[in-house]
There are 2 protein chains.
Amino acid sequence: MKAIIILSLIASVALAQTKTKDLAYFCPPCHSGCDDLVFDKPGPCPHCGMTLAQQTHAERKTEMSRKPITVCFYLQDGVEVLDFAGPMEVFSYAGFNVFTVSKTKEPILSQGILKILPDYSMADAPAADVMAFFGGNASQGFDESVVSWIKSREKNTDYFFSVCTGAFAFGKAGILDNKTATTFHLSIEGLRKSFPKTKVLSDVRFVDNGNVITTAGISAGIDGALHLVAKLKGENAAKEAAAYMEYDKWVPKEGLVLSGNEKP
Amino acid sequence: MKAIIILSLIASVALAQTKTKDLAYFCPPCHSGCDDLVFDKPGPCPHCGMTLAQQTHAERKTEMSRKPITVCFYLQDGVEVLDFAGPMEVFSYAGFNVFTVSKTKEPILSQGILKILPDYSMADAPAADVMAFFGGNASQGFDESVVSWIKSREKNTDYFFSVCTGAFAFGKAGILDNKTATTFHLSIEGLRKSFPKTKVLSDVRFVDNGNVITTAGISAGIDGALHLVAKLKGENAAKEAAAYMEYDKWVPKEGLVLSGNEKP
């Protein structure tokens, strides 16, 4: 018995030593070129300034190797800047693989200010788990070619996510038929009038129909994106993203309407 | 006396009729190409979907002709997307004239995702009332050439505004010397260590030194930008922007530290 205890103790010490030896300091994944660096002491990352965290190499490898959820951000000319940037920040921190798509690969102008080069055109964009549409210039931006493209991708898309008047794109593609939805506060009546088969709610932050999530205007996209992270990766992952972003007023599920409670 | 009353009444009716005749419907300024359109009845804007508002032509002209406050958004390669997009949304809605600057005019990659074409390089950027710096890739992004450029513009800049680790740029340029500041929660110690002449506060949303405003991380930039709008255009302008963006949890002055109360 004594021998077994001693052997166990030796094994534990050896394991602890191996673990200690395997420990190192890493930058929280930030996509700034320092995610692959390894440090031997704590402190701020000399590359991006963030505080290094202690992990074993194995833990780090697991963290970095998880197959990411892919999100296609469709950005039309005139897209509202915070509409897409809020969810982009959330999904990126949550480890989702985000790429941008527009009608063509020509630069677009977000909100008349920010010149963006899309990663893909509609013609060559890869499939994605989540298709996301945003507001701004909704009537001009979502013409028949865009609507056809959404329909052509419907079968291979798991989740549809819209912020603000991005809901009009999904409405035109029939994705909101017989569903409950919301949009930007000044466009509630417009959405109702355009899509009579959709039950349109005002004064809600976002509506979850299972695989179709529509949010209210502009900053509400942050809440909707955190909700989608909670749904796909658990509430802790969403809480971590909110804390990292210092979006400290966020309360999980606050402002949520599940369409199950709302018969369209 | 009777004649005066009758004349006054006639004048009032004539004025009211002129005003009624001059009334029309306009889209809330959205920079989507419909700000110059005039409509004769209420409803959603056929261009962007927003609800049209009734104004006289004179009111509209005054609204559109105010000399805008200019804001230079310095975007380094690796800049965090929500850091700059939150303030960009706020300043844009408040009618500020926003433009982007980077070291060169080459495209930059925000957060490893979003490809952006800057409007100007450091060499040809016009002067601006507000100089704004943002976080992400702070150590690599703010080299000696950037720091010299900030110093060269100091005299012609009225306000310095940083979000997240953008504070490091101002720290390096000496703008934070003998001032109180804040930064991203994981970089508080780094800022303290790098700039011992600066009093660095943790657990605050933003710090206002009069003409130098530094905010905490990422989403805190929205609050700091609303604060600057309130400071320059009045609290109502900031409240309108917050309501438009559906940033309905915003409470004016919440999280503010005025450095007058904090001796560095």
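Ring pairs join Phe73(A), Phe84(A), Phe91(A), Phe96(A), Phe134(A) and Phe161(A) into a cluster. Rings of Phe, Tyr and Trp (its six-membered ring) count as a pair if their centres lie within 6.5 Å; planes under 30 degrees apart are called stacked, over 60 edge-to-face, and the rest tilted. This is a predicted model, where local features need pLDDT of at least 70, side-chain atom pairs count only at pLDDT 80 or more, and totals for chains, interfaces and linings use all residues. Residues are numbered from 1 along each chain as its sequence is written, chains are lettered from A and ligands numbered from 1 in the order in which they are written, and side-chain values use heavy atoms, leaving out hydrogens and water.

Stepping back to the whole structure, a search finds 28 aromatic pairs over all chains. Take Tyr93(A) and Tyr244(A): their ring centres are 4.1 Å apart with planes at 15 degrees, so this pair is stacked. Because Tyr93(A) sits in helix 3 (residues 81–93) of chain A and Tyr244(A) in helix 9 (residues 235–244) of chain A, the pair ties together parts 151 residues apart in sequence. Helices here are DSSP runs (H or I, at least four residues), as are strands (E, at least two), numbered from the N terminus.

Buried means under 20% relative accessible area, exposed over 50%, and partly exposed in between (1.4 Å probe, protein chains only).

Now to chain B, where Phe99(B) and Tyr120(B) form an edge-to-face pair, 5.3 Å centre to centre with 80 degrees between the planes. Phe99(B) belongs to strand 4 (residues 97–102) of chain B and Tyr120(B) to strand 7 (residues 120–121) of chain B, so the pair links parts 21 residues apart in sequence. Phe99(B) is buried at 9% relative accessibility, and Tyr120(B) is partly exposed at 28%.
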